[in-house]
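Trainee: Could you help me learn how to read a protein model? I would like to take one feature at a time.

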Amino acid sequence: MTAAPERRPERPALDIEAIRRDFPILQQQVHGQPLAYLDNAATSQKPAAVIEAVSRYYREDNANIHRAVHTLADRATAAYEGAREKVRRFINAGSSREVVFTRGATEAINLVAASFGQRLREGDEILVSHLEHHANIVPWQQLCERTGATLRVIPMTATGELDLADLDGLINERTRLVSVVHVSNVFGTINPVERIVEAAHAREIPVLLDGAQATPHAPVDVQSLGCDFYVFSGHKMYGPTGIGVLYGREALLETMPPYQTGGDMIRTVSFEGTEFNELPFRFEAGTPNIAGAVGLGAAVDYLEGVGLERIAAREQELLAYGTQALESVEGLSIVGTAPRKAAVLSFVVEDMHPGDMGTILDHQGVAVRTGHHCAMPAMQFLGLPGTTRASLAFYNTFEEVDRLVKALAFAREVLG
Ligand code: PLP
């Protein structure tokens, strides 16, 4: 007789009220109304566990790392390297040598552009997409200006998706790097990055994925994605500002020159020359954001405690509800309607300027982002000056979505 298959215990649905109590900032009122914070793609709020980890680090362990032999230095180094190991596990990198701490996704991309970019020559090409945040456009544009390389662009569609029809034509023998966004901050589109990685790797071209909007919302596994670089920011995934991560495949990082130089990234220095440190320290010159790394480690613990699968499921429910609710608003069009989306709702309302709308919503206690969302080329393609964007996190509620809809109706009355 065969044994019955073992059942994995199901994790119960999230207790949203309990989760909201973990975030002290959500307990306040704004303009006399309970705060409905719907600007999570810009930055997410921090659970008490993260705030306390940073505070405890400064109260109990603060010292410089990797240098002194005293007890506090030991503890600070262990906390910083412990955070690196948590991040490694979180993204399933093969080794902590592949996890470089940066100030954020922007600095991580600039690091690759400055270091990997040194191998570019006139006639070479870098391929980005029309959906990119400025952080994944400008560093490459500047690199092209310095080297005579050309920036090429994967086109987008009116639904806010990548148009991959000519992908194999865009990736060619001149391409040196493909750098694309995993999840769009404007539309929420989850891009088919596996397909892009496969097409680039068929020509042995490395791929950078901008995961700033991916890591807070669903499990990310850099080994199964197969990318060569992956970048993200701590502050968008419930961690502190000023800390982020560059994941780089070890064999590739080994071939790259340092980004910045100074203390900690060296092994020996004399006036005749300098021998650089091993990975990942070679890319972390100077005293890093130790407290930020500790806070990011606590954010990873928090996210894993709640469970990324449950977070993703909860946010998909909010997205479905929010999409339906917004579609009922007269004159409103959702911008970005890809079938695979994170919980980002960008929209325009007839005869209403997003900036005015943002101010009126704020007076109703509803925080959204308005404008071009640091993605001017995507806005230009759609012929829009900007949109209003509600970006949801698992701690948001259906009632908050209702309040957004009510506040929009009120804004129509005022502006209409
Ligand atoms: N990439 C994407 C898709 C983003 O949404 C952002 C920020 O909004 C960035 C990069 C830049 O992140 P940071 O400002 O944290 O460096």
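Trainee: Let me start with Tyr238: is Tyr238 buried or exposed?

Mentor: Burial is judged from relative accessible area: buried means under 20%, exposed over 50%, and partly exposed in between, using a 1.4 Å probe and protein chains only. Tyr238 has a relative accessible area of 0%, so Tyr238 is buried. This is a predicted model, in which local features need pLDDT of at least 70 and side-chain atom pairs count only at pLDDT 80 or more, while totals for chains, interfaces and linings use all residues. Residues are numbered from 1 along each chain as its sequence is written, and side-chain values use heavy atoms, with hydrogens and water left out.

Trainee: What is pLDDT, and what is the mean pLDDT of the protein?

Mentor: pLDDT is the predictor's confidence in each residue, from 0 to 100. Where pLDDT is low, the predicted coordinates should not be read in detail. Here the mean is 96, and 98% of the residues reach 70 or more.

Trainee: What is phi of His373, and where does His373 lie?

Mentor: Phi of His373 is near 55°, again a positive value in a residue other than glycine. His373 belongs to the loop between β16 (369–371) and α13 (376–382). With 1% relative accessibility, His373 counts as buried.

Trainee: Which residues does a cis peptide bond join?

Mentor: Look at Leu279 and Pro280, where omega is about -5°. You will find Pro280 in the loop between β12 (273–276) and α10 (290–306).

Trainee: How do I read the two faces of a strand?

Mentor: In a regular strand the side chains alternate between the two faces of the sheet. Take strand β10 (residues 244–248): Gly244, Leu246 and Gly248 point one way, Val245 and Tyr247 point the other way, and all are buried.

Trainee: Which strands are joined to β7 in parallel?

Mentor: Strand β5 (residues 125–129) is joined to β7 by three bridges, and Glu125 has Thr175 as its partner. Strand β8 (residues 207–210) is joined to β7 by four bridges, with Ser179 opposite Leu208. Strand β7 (residues 175–181) is mostly covered, as six of its seven residues are buried.

Trainee: What kind of unit do β7, helix α7 and β8 make?

Mentor: A crossover is right-handed if, with the strands pointing away from the viewer, the path from the first strand over the helix to the second runs clockwise. β7, helix α7 (residues 193–201) and β8 make a right-handed β-α-β unit.

Trainee: How can I check the span of helix α14 and find its buried side?

Mentor: The expected span of a helix is 1.5 Å times one less than its number of residues. For the 18 residues of α14 (residues 398–415) this gives 26 Å, and the end C-alpha atoms are 26 Å apart, which agrees. Its buried residues are Glu400, Val401, Leu404, Val405, Ala407, Leu408 and Ala411. They cover an arc of only 165° around the axis, so they lie on the same side of α14; the arc is that of the directions from the helix axis to the C-beta atoms. The face turned away from this buried side carries the exposed residues Glu399, Lys406 and Glu413.

Trainee: What does the side chain of Thr77 reach?

Mentor: A polar contact is a pair of N or O atoms within 3.5 Å; within protein, one must be able to donate a hydrogen and the other to accept it, and residues adjacent in sequence count only if both atoms are side-chain atoms. The side chain of Thr77 reaches the backbone nitrogen of His66 at 3.0 Å. Thr77 is in helix α3 (residues 71–91) and is buried, at 18% relative accessible area.

Conventions: Helices (H or I, at least four residues) and strands (E, at least two) are DSSP runs, numbered from the N terminus. Two strands pair if DSSP finds at least two bridges between them.
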